[in-house]
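Here are my notes for your first read-through. Keep the viewer open and check each point as you go.

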Amino acid sequence: MDKNFEEGQFQGTIKFTPPLSKQRYQFIKDLVAKYSPKKVADLGCADCKLLWMLKFCSCIEVLVGLDISASIMKEKMHMLSPLPVDYLQPTERSLSVTLYHGSVAHKDPCMLGFDLVTCIELIEHLEESELKKFPEVIFGFMAPSIVVISTPNVEFNTLLPGVTSFRHPDHKFEWNRVQFQSWALETARRYDYSVEFTGVGHSPRGVENIGFCTQIGVFLRKYPQTSGFALSEKSSETVYKTVFKAVYPSLKDEKYLQNTLVGEVVFTAQIIKQSLLNHLMSESEEHNDNTTARKAQLQPCFSNDMRKLGVEKSMEPFVKGKVVYVPLKTIFSFPKVNQLCGTFEKLCKLIAGKVKLSSDGYALMLSTEHED
């Protein structure tokens, strides 16, 4: 231990900004940004805060939480449910969130195939018998590409006011850096992982060499796992109980894609309709004022706007009686509509029966009267 620290030269109260828990979660978010995992599991998810933060990461398609306390998850799981805006504006990616009640000392096939597994402040809560099984379950059975394990650095405890033994009454042990690194290196060697050590919560000036308040090991699997082995050799009975499951609306689901596309088509058609009616009204006013020169300037205005989108003259909208006809190919030329459906054939298929079309299916029909 540092001589300056032993002599008590550090004076003051330790205060982490941002709070230590947020620093740990930010560390995981940064790791997700670096590796872009699609399937992520948080073991010991407790209040689900990390899962809630990760659901906004666009690369993630599957989020799973596991905890030994079902009551805590049930109390907090509502924060993982889709919001109304998720249904109004579905995203391109699919996302499912599932919470399981169970122990990290037990194997369950629902935890296979993950890219990233996080164990944040978990292992120090394990009984000795559970800790012995933990490496085989995580690194041998689950065998994700990346595992992140964080745990308190007991060397830091002397700096924390009020801490005389462990930081939490439920902790079964707290390791110093040598103990954690020895365990992590042996685990990595046994299961063909590499491991790098880091942490969050810097020590104060003068006692830097006691290390981080939270020590972290990042394990990377050395060799890709064959799917055949995972399926044939890793079969196991289901032991976890599902506490919560949510499937977010996605444009990959044709139901949500159709609803979004129809809304965008009608919205686009209304804009085109209003632009056309405004143009015709302007022409009428110019005619009544008998300002021929001004009329000549305004007449091609609407057509020019349409041609900027690659719309031919034959595709321009027109008015007949009290109905505005907006050709579907004109609507299809708008970027957002085009992006949603991809092909004109798919546009026609998805809006069929959802909007009012002309008898030949050529154009969408809108009343010249005001419509909600």
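This is a predicted model: local features need pLDDT of at least 70, side-chain atom pairs count only at pLDDT 80 or more; totals for chains, interfaces and linings use all residues.

**Notes on strands, salt bridges and one serine**

1. Start with one pair of residues. V319 has V324 in β10 as its bridge partner. The strands involved are β9 and β10, the latter covering residues 323-327. They pair in the antiparallel sense over 3 bridges.

2. Now widen the view. An open sheet of 3 strands runs in the order β9-β10-β11, with antiparallel pairing. β9 (318-320) and β11 (363-367) stand at the edges. Each has a single partner strand, so one side of each is left without a neighbour in the sheet. From one strand to the next, the twist averages 30°. As background, strands of a sheet pair through backbone hydrogen bonds, either parallel or antiparallel.

3. Move to β3 (96-101). How many of the residues of β3 are buried? The count is 5 of 6, so this strand is largely enclosed by the rest of the structure.

4. Look at the partners of β3. Strand β2 (residues 62-67) runs parallel to β3, and 6 bridges join them. V64 stands opposite T98 in β3. With β8, strand β3 pairs in the antiparallel sense, over 6 bridges. There, S96 stands opposite V247 in β8.

5. Follow the chain past β8. S250 is found in the loop between β8 (241-247) and α9 (254-288). Is S250 buried or exposed? Its relative accessibility is 4%, so S250 counts as buried; the cut-off is under 20%.

6. Check what surrounds S250. Leaving out residues up to four places away in sequence, S250 touches P90, T91, E92, R93, S94 and Y256. Take T91 from that list: T91 and S250 are 159 residues apart along the chain, yet their C-alpha atoms are separated by 5.2 Å.

7. The side chain of S250 also has polar neighbours. One of its polar atoms lies 3.0 Å from the backbone oxygen of R93. A polar atom of this side chain also lies 3.0 Å from the backbone nitrogen of K252.

8. Next, charges. Side chains of opposite charge can pair when their charged atoms come close. The structure holds 10 salt bridges. One of them joins E121 and R24, with the closest N and O atoms 3.7 Å apart. E121 lies in the loop between β4 (116-120) and α6 (128-142), and R24 in helix α2 (residues 20-35), so the pair ties together parts that are 97 residues apart in sequence. Both E121 and R24 are buried.

9. Compare the setting of another pair. K107 and E136 meet through their side chains in a salt bridge of 3.5 Å, N to O. K107 sits in the loop between β3 and β4, and E136 in helix α6, so far along that the pair links distant parts of the chain, 29 residues apart. K107 is partly exposed, with a relative accessible area of 33%. E136 is partly exposed as well, at 31% relative accessibility.

10. D47 forms a salt bridge with K49, the closest N and O atoms being 4.0 Å apart. K49 counts as partly exposed, at 46% relative accessibility. Separately, E186, R189 and R190 are linked in a network of salt bridges.

Methods
Residues are numbered from 1 along each chain as its sequence is written. Side-chain values use heavy atoms; hydrogens and water are left out. Helices (H or I, at least four residues) and strands (E, at least two) are DSSP runs, numbered from the N terminus. Buried means under 20% relative accessible area, exposed over 50%, partly exposed in between (1.4 Å probe, protein chains only). Contact means heavy atoms within 4.5 Å. A polar contact is a pair of N or O atoms within 3.5 Å; within protein, one must be able to donate a hydrogen and the other to accept it, and residues adjacent in sequence count only if both atoms are side-chain atoms. Two strands pair if DSSP finds at least two bridges between them. Axes are lines fitted to C-alpha atoms, for helices over the stretch in contact, and angles run from 0 to 180 degrees between N-to-C directions.
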